[in-house]
Amino acid sequence: MSARKWAIFERISTRRLLQQQDDDQLLEYDDQILVSDVIVNQDGTVVGQGFVAVNITFENTAGPINHQAVAVRNGADLSTFYSCSFHGYQDTLCVHSLRQFYRECDIYGTIEFIFGNAAAVFQNSNIYPKLPLQNQFNAITAQGRTDPNQNTGISIQNCTVKPADDLKFGNSSTEPYLGRPWKEYSRTVYAQSFIDGYVNPLG
């Protein structure tokens, strides 16, 4: 982890906590971090069980021209992100697998910036489509369920979907879509949420 000690890990019963400790919220990695059975890699990959992050900003600074650039790839079962922010362009947040919960988070991106095949729940969060490159389209989600018997899907409840400033004030006719069916049995639900008029009415 960075010598600046941006964050600390603590053991809380069987859970692991990653929490901001100073005014600078941006988390960076110099190498792999191992805390018991939870691993956070330098590329933002989280695996293990019971991972908790609070008040952390995860950012991939590769920019839109580099296409797929994940800020966090989460494969940790029973993981929780509270009051966190995820910044990127294409493929910002990979909800890869298992059970995940996000509350009061901000997620920014362009193409399919929430994607994967976890059982992922987002509550009371803000989702901000950003301005894509020319001739690109915006789709917020791409859910990857491959079998009708899988108990996976993306649930977005009591959230706000509205354009980021670069999309809102940019000279663009881009209308983001709520998602696309990435795999054969893709499943995404938006419920009790505010969806801004910038979103394509086709969904």
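**Ground rules.** I number residues from 1 along each chain as its sequence is written, and I leave hydrogens and water out, using heavy atoms for side-chain values. As the model is predicted, local features need pLDDT of at least 70 and side-chain atom pairs count only at pLDDT 80 or more, while totals for chains, interfaces and linings use all residues.

**Aromatic pairs.** I looked up ring pairs and found nine. Rings of Phe, Tyr and Trp (its six-membered ring) pair if their centres lie within 6.5 Å; planes under 30 degrees apart are stacked, over 60 edge-to-face, and the rest tilted. Tyr102 and Phe122 are stacked because their ring centres are 4.5 Å apart and their planes at 10°. Tyr102 is in strand β12 (residues 99-103) and Phe122 in β15 (residues 119-123), so this pair ties together parts 20 residues apart in sequence. Strands (E, at least two residues) are DSSP runs, numbered from the N terminus. I checked burial next: Tyr102 and Phe122 are both buried (under 20% relative accessible area; exposed is over 50%, partly exposed in between; 1.4 Å probe, protein chains only). Tyr102 and Phe122 also belong to one aromatic cluster with Phe51, Phe58, Phe81 and Phe86.

I then noted Tyr108 and Tyr128, a stacked pair with 4.5 Å centre to centre and 15° between the planes. Tyr128 is buried, at 13% relative accessibility.

**Sheet.** I traced an open sheet of six strands, paired in parallel, in the order β7-β10-β13-β16-β19-β22. Its edge strands, β7 (57-59) and β22 (194-195), each pair on one side only. Strands pair if DSSP finds at least two bridges between them; β13 and β16 have four, in the parallel sense. Gly109 has Pro129 in β16 as its bridge partner.

**Salt bridges.** I found three, each a side-chain nitrogen of Lys or Arg within 4 Å of a carboxyl oxygen of Asp or Glu.

- Asp77 meets Arg99, with the closest N and O atoms 2.6 Å apart. Asp77 lies in β8 (residues 72-77) and Arg99 in β12, so the pair joins parts 22 residues apart in sequence. Asp77 is buried at 12%; Arg99 is partly exposed at 46%.
- Arg103 and Glu104 meet at 3.8 Å, N to O.
- Arg180 meets Glu112, with the closest N and O atoms 2.1 Å apart. Arg180 is in β20 (residues 177-181) and Glu112 in β14 (residues 111-116), so the pair ties parts 68 residues apart in sequence.
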